[in-house]
Amino acid sequence: MEVKAAEKERETTEVEVPKGYVPVLVGREMKDSAKFLIHIDMFKNEYFAGLLQMVAEEVGYGNTGVLRIPCDAECFRKLLNEISRVN
């Protein structure tokens, strides 16, 4: 499986999302958040799925809009790189 953890950070507030990608906002605070576009193949990865489960346990399922992951953006970037390297 080719995992395209393709983080495509954008400076604009509106991002055109390519087919096959999901927008994700990563950061504890809105001012420190980074925008990522995550390829749908990443959601099949057990480590990424585990991260999403931890997020659900921490913040619940009541989020509307863009998927938010409350963790340090640099740690998230390292996780994506490691998952991509292993796969």
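Helices are DSSP runs of H or I with at least four residues, numbered from the N terminus. By that assignment, L80 lies in helix α2. The model is a predicted one. Its protein chain holds two helices and three strands. Along the sequence these elements follow the pattern β-β-α-β-α.

Confidence was examined next. The mean pLDDT of the protein chain is 82. A value of 70 or more is reached by 83% of its residues. Residues 1-12 have a pLDDT below 50. Beyond near neighbours in sequence, this stretch still has 30 contacts in the model.

Burial and contact range describe the chain as a whole. Of the 87 residues of the protein chain, 31% count as buried. Contacts between residues at least 6 apart in sequence were also sorted by separation. Among them, 56% join residues at least 24 apart.

Helix α1 covers residues 46-59. At 1.5 Å a residue, its 14 residues should span 20 Å. The buried residues of α1 include F48, L51, V55 and A56. Seen down the helix axis, the buried residues fall within an arc of 140°, so they line one face of α1. An α-helix has 3.6 residues a turn, so residues three or four places apart point the same way. On the other side of α1, E46, Y47, M54 and E57 are exposed. The cover over the buried residues of α1 includes β2 (34-39), β3 (67-69) and α2 (73-86).

Both ends of α1 carry a local feature. After the helix comes G60. The phi of G60 is positive, near 85°.

Helix α2 also has 14 residues. From its first C-alpha to its last, α2 reaches 20 Å. This is close to the 20 Å expected at 1.5 Å a residue. In α2, A73, F76, R77, L80 and I83 are buried. These residues cover an arc of only 125° around the axis, which puts them on the same side of α2. The other side of α2 has C75, K78, R85 and V86 exposed. The buried residues of α2 pack against β1 (21-26), β2, α1 and β3. D72 caps the N-terminal end of α2. Here a side-chain oxygen lies 3.1 Å from the backbone nitrogen of E74.

The largest nonpolar core has 15 residues. Those with the most contacts inside it are V26, F36, I38, F48, I69, F76 and L80. Two or more residues of this core come from each of β1, β2, α1 and α2. The largest share, four residues, comes from α2.

The cut-off for burial is under 20% relative accessible area. At 0% relative accessibility, L80 therefore counts as buried. L80 is also among the residues with the most contacts inside the core. F48, on the buried list of α1, is 32 residues from L80 in sequence. In space the two are 8.3 Å apart, C-alpha to C-alpha.

G27 is found in the loop between β1 and β2. With a relative accessible area of 3%, G27 is buried. Residues up to four places away in sequence are left out of its contact list. G27 then touches S33, R68, I69, P70 and C71. F76 is 49 residues from G27 in sequence. The C-alpha atoms of G27 and F76 are 9.0 Å apart.

P18 sits in the segment before β1. Its relative accessibility is 29%, so P18 counts as partly exposed. P18 and L37 are 19 residues apart in sequence. Their C-alpha atoms are 8.5 Å apart in space.

Key:
Residues numbered from 1 in each chain as written. Predicted model: local features only at pLDDT ≥ 70, side-chain atom pairs only at ≥ 80, totals over all residues. Heavy atoms only, no water. Expected span 1.5 Å × (residues − 1). Buried < 20%, exposed > 50% of the residue type's maximum accessible area, 1.4 Å probe, protein only. Arc of directions from axis to C-beta. Contact = heavy atoms within 4.5 Å. pLDDT = per-residue confidence, 0-100. Polar contact = N/O pair within 3.5 Å; in protein donor to acceptor, adjacent residues only side chain to side chain. Core = buried A, V, L, I, M, F, W, Y, C linked by side-chain atoms within 4.5 Å.
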